[in-house]
Amino acid sequence: MRHIISILLENEAGALSHVAGLFSARGYNIETLTVAPTEDASLSRMTIVTRGSDDVLEQITKQLNKLVDVVKVVDLSESAHVERELMLIKVRAIGKDREEVKRMADIFRGRILDVTEFTYVIELTGTSAKLDSFINALDAGLILETVRTGVSGIGRSDRILKI
């Protein structure tokens, strides 16, 4: 099962490597990882997407809570949440493909950020599934380069990750 783990940790050198080291030492894969400071400059918020059973996730959570740098851990997948990922994709846009790529970007509510004689750079934001669908909808031969941020997520309603 896919889990989105949100971690509040001290904004200090080495905190990211401690968390990543915990995953690698135990053989758990990190599918995506995002980290940035919060409104409190002394804290960062890290969002990790991983896959595993509930037992594996429970073990990961317990191990994360033992790390000195970690303040709080929440599995966003347990309840209603909002998640988004940003993708920049450079595609070949020549001749008849130009209009087709523009149409696909419009369908997926993407924005064309850069236009050259031969390429478009498109920005898409949404769930990982939406971004995967866009890639699958394009002719693979048109894709020149892809950059994705990884998932960012936040709980809905009164569910807050804060100390």
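Buried means under 20% relative accessible area. That cut-off applies to the first view of this predicted model.

**View 1. Val91, a buried residue of strand S5**. Strand S5 spans residues 81-92 and contains Val91. Val91 has 0% relative accessibility, so Val91 counts as buried. Leu138 lies 47 residues from Val91 along the chain. The C-alpha atoms of Val91 and Leu138 are 9.2 Å apart.

**View 2. The largest pocket and the residues closest to its centre**. The volume of the largest pocket is about 310 Å³. Its lining counts 20 residues. Leu8, Thr38, Glu39, Arg45 and Leu161 are the closest to the pocket centre.

**View 3. Strands in the lining of the largest pocket**. Three strands each supply at least two lining residues: S2 (32-37), S3 (43-51) and S9 (152-155). S2 gives the most, with four residues. By residue class, the lining of the largest pocket holds 11 nonpolar, four polar and five charged residues.

**View 4. A nonpolar surface patch**. Leu86, Leu88, Leu113 and Val147 make up this patch. The patch covers about 290 Å². One of its members, Leu113, sits in strand S6, residues 111-115. Leu113 has a relative accessible area of 42%. Partly exposed residues fall between the under 20% of buried and the over 50% of exposed, so Leu113 is partly exposed.

Conventions. Residues numbered from 1 in each chain as written. Predicted model: local features only at pLDDT ≥ 70, side-chain atom pairs only at ≥ 80, totals over all residues. Heavy atoms only, no water. 1 Å grid on protein atoms, 1.4 Å probe; cavity = no way out; pocket = protein on both sides within 12 Å on 5 of 7 lines; lining within 4 Å. Points joined across faces, edges and corners; volume = space filled by probe spheres on them. Nonpolar A, V, L, I, M, F, W, Y, C, P; charged D, E, K, R; others polar. Patch = residues over 30% accessible without salt bridge, like charges linked within 9 Å, V, L, I, M, F, W, Y side chains within 5 Å. Areas by Shrake-Rupley, 256 points an atom, 1.4 Å probe, with all protein chains shown as cover. Salt bridge = Lys/Arg side-chain N within 4 Å of Asp/Glu carboxyl O. Buried < 20%, exposed > 50% of the residue type's maximum accessible area, 1.4 Å probe, protein only.
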